[in-house]
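The following exercises are to be worked through with the sequence and the model at hand. Each task is followed by a solution in steps.

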Amino acid sequence: MTENVYAHSVSGQSEDVWELLADHLKAVAAKAARLAEPFGGGVMAEAMGALHDAGKANPAFQAYIRGLGPGVDHSTAGAVIAAERYGPVLGRMMAFGIAGHHAGLANGRVPGGGLSSLSDRLAGCRPHRLTAEQDVAPAAATLTAPVLSEGFTHSFSLPFLIRMLFSCLIDADRLETERFDAGTRKEKVDRGCPLTIGDLRGRLDRHLSQFDAASGPVNALRAEVLAAVRAGSEQAPGLFSLTVPTGGGKTLASLAFALDHAERHNLRRVIYVIPFTSIVEQTADVFRTALGDRDAVLEHHSGFDFGPGPDKGKRASDDSEEEGRDGIAKLRRAAENWDRPIVVTTAVQFFESLFSNRTSPCRKLHAIAGSVVILDEAQTLPLKYLLPCLEALRELARGYRTSVVLCTATQPAVTVESGFKGGLEAVRELAPDPQGLYRRLKRVTVERIREPLGDEELAERLRAERQVLCIVNNRRHARDLLRRVSNGPNDPESRHLSTCLCAAHRRAELAAIRKDLKRGAPVRLVATSLVEAGVDFSFPTVYRAMAGLDSIAQAAGRCNRDGELPELGRVFVFSSPDSENRKPPPELSQFAEVAASILRTHDDPLGLDTIRAYFQRLYWQRGREELDAALVGEGSEPIKGILEALRLYQRGQDYPFADIAKAFRIIESPLVPVIVPYRPADDPDIVHRLVGALRNPNIEKVGGIARAFQPYLVQIPRGARNALIAAGAAEYVRRDEFGEQFALLVNGDLYHPDVGLDWEDPTFRKIETGIF
């Protein structure tokens, strides 16, 4: 009797319960086809699913799965079959995803990113023949590709489609493996959300009805904006803009549009993209409150990135039970493929995934098709990658039934209609009369202080105010200025907000600040730019260090926010004397320089004409090489620009996927976490207990503990963390088992109750605290 051919074994159980290769290929093919239906790629995805594990028919793999030999490459064989059966165009497109369904998308011709090129892999493989039962791929004559509609390009649309098909294959394979593994344990995988887009729309309607009777001119104007935006939801899917000044109710209005638009046009989900990790959590909470359901809203950023999951051959079941009791396992599964009706994520997560080659980031990409994408604070699109980002948004709208909304108080000039060559076309404005809205929502005066303002003079100005907000450009300046303003440690009238405070600490400070503002108590707040988006407090006076005009507008949105003052609020824009400690970060310095030049010739810093001139100079006076500036490829002569690299390698479909993924890094020096000893008022010993649980040698599965640590992390540069470790101020917990995942601050004196973590002098100590 011929031995059965299997795709998956089950540890400790007989072959009777193992998964046959034919069954796995059929199941993955069917699921991949369904996932690709929203963009017309069903037949190609089906073929990829049917061939992805063809290499497991190799007797050498069957020996390996029975524990009788070493592991072998089982991904390349299906790619060879696809290339031979379906030809040099469609076949090679599918070969990229099949060959990369464990290691990731390789470069087409030149090795890179630690991967052999696709061409090299195909040339070196001779696949084992599949039986008729195993070969369920559609015949070449029946294979169809998505309709190549107007605007399709071989240099961008084709590699974009390859990545989307790859996403469908990865998700289908992982879901089917997960289903099989759970079945062997007679368990059911808890995935998805029972609420539909229509359900959530009804819940939002009920929430918004509470504000119908709200009085005042600002609330009346917000109601007008909401009504106009919702009326615009009837328009056909595509590209939109929503230009509403800060305080005009953009957040809930954009959510209302998205749900209305999605229900009307049978779109599947809403993806809300936010530039700053620090406000993802609070935006997600706003949505959960408005929709009355926590499970419907997935919050996905670095704090929810639980690592590689089942990549590189790891079985999906290896850690599926580690956090089941507290719902973390379900959160992790949802983050893997964005199977929630509402996703709140970061611009880094969204755009880096769109240009990634790795399986985990790419797995969720197909979920973007047939959705509504809201780009909050769209003016923050990174200049270095602006053209590739715009091209991706154009492609989503053109070929994937995705509606994209550029949502901002200061609409960047990135449209063809605004005169930007290479910008987005046919972008429809949803707001009613943005120019009129600006005039009607004017609640502040903005004055530029011409002479540089030293810290001592600035501190005197702040001390002279009862309630004032001062926003500066870096954490060190905020810390130093606070200590000049305050009357000593723990001064209740002087407050600080920056990312040096852990999230739990920031939440507590925000709550205290709002309470003091409401009761009229003195509040002098020194902060970094993290307060400029999504933080809904209001001061009568705001000082803003020179920055981009969009940042100045956001700062002004924290002044007289609801028009509650009897007169206009006051915003002062100032510059500090030249000092390395006072300058904006390098990537923001150019914004400040352009803003300063524009303000020399424009009277109203917040006027839409001023803002338009600012973005025109920021974008238009730069050549394409500055708006697509990534260096693609290794060696002495990398290619300047992602779009240029795709163009150069389009012939023969030799797209450099691995090199592009390496080059597309919005955050070039990623931060790393440190656990800090913050003691929240409601549970001051929580960090101590979590550390104790982590140190317990009997604890092997730590996903739930890792999630519980999230509110008590501060993200810092890797070099700073290395210095803390070297000085003995921090240590890695159970490094042998968990690597550098858990870096713990053991010198508690470095975490201050007013300014949070100060890592500049790792040896600083007040006393030997022995916190941990």
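Two strands are said to pair if DSSP finds at least two bridges between them. Helices (H or I, at least four residues) and strands (E, at least two) are DSSP runs, numbered from the N terminus. This is a predicted model, in which local features need pLDDT of at least 70 and side-chain atom pairs count only at pLDDT 80 or more, while totals for chains, interfaces and linings use all residues. Residues are numbered from 1 along each chain as its sequence is written, and side-chain values use heavy atoms, with hydrogens and water left out.

**Exercise 1. Describe the sheet that contains β14 and the helices that pack on it.**

Step 1. Strands β14 (residues 541-545) and β15 (residues 569-574) run parallel and are joined by five bridges. Within this pair, Tyr543 stands opposite Phe572 of β15.

Step 2. The open sheet has six strands in the order β10-β15-β14-β11-β13-β12, with parallel pairing. Its edges are β10 (444-448) and β12 (494-497), each of which pairs on one side only. On average, neighbouring strands are turned by 15° against each other, direction ignored.

Step 3. Helix α18 (residues 503-518) lies across β11 (467-471), β12 and β13 (523-527), at about 140° to β12. Helix α19 (residues 549-556) touches β10, β11, β14 and β15, and its direction makes about 160° with that of β14. Axes here are lines fitted to C-alpha atoms, for helices over the stretch in contact, and angles run from 0 to 180 degrees between N-to-C directions; contact means heavy atoms within 4.5 Å.

**Exercise 2. Locate the nonpolar cores.**

Step 1. A nonpolar core is a set of buried Ala, Val, Leu, Ile, Met, Phe, Trp, Tyr and Cys residues joined through side-chain atoms within 4.5 Å. Buried means under 20% relative accessible area, exposed over 50%, and partly exposed in between (1.4 Å probe, protein chains only).

Step 2. The largest core has 177 residues, and Phe350, Phe351, Leu354 and Phe537 have the most contacts inside it. Helix α4 (residues 76-99) gives the most to this core, with 13 residues. Apart from it lies another core of 43 residues, among them Cys193 and Val225.

Step 3. Not counting residues up to four places away in sequence, Phe351 touches Leu375, Leu381, Cys389, Leu393, Phe664 and Ile666.

**Exercise 3. State the confidence of the chain and identify a stretch under 50.**

Step 1. The mean pLDDT (the predictor's confidence in each residue, from 0 to 100) is 88, and 92% of the residues reach 70 or more.

Step 2. Over residues 304-326 the pLDDT stays under 50, and the model has 52 contacts for this stretch beyond four places in sequence.
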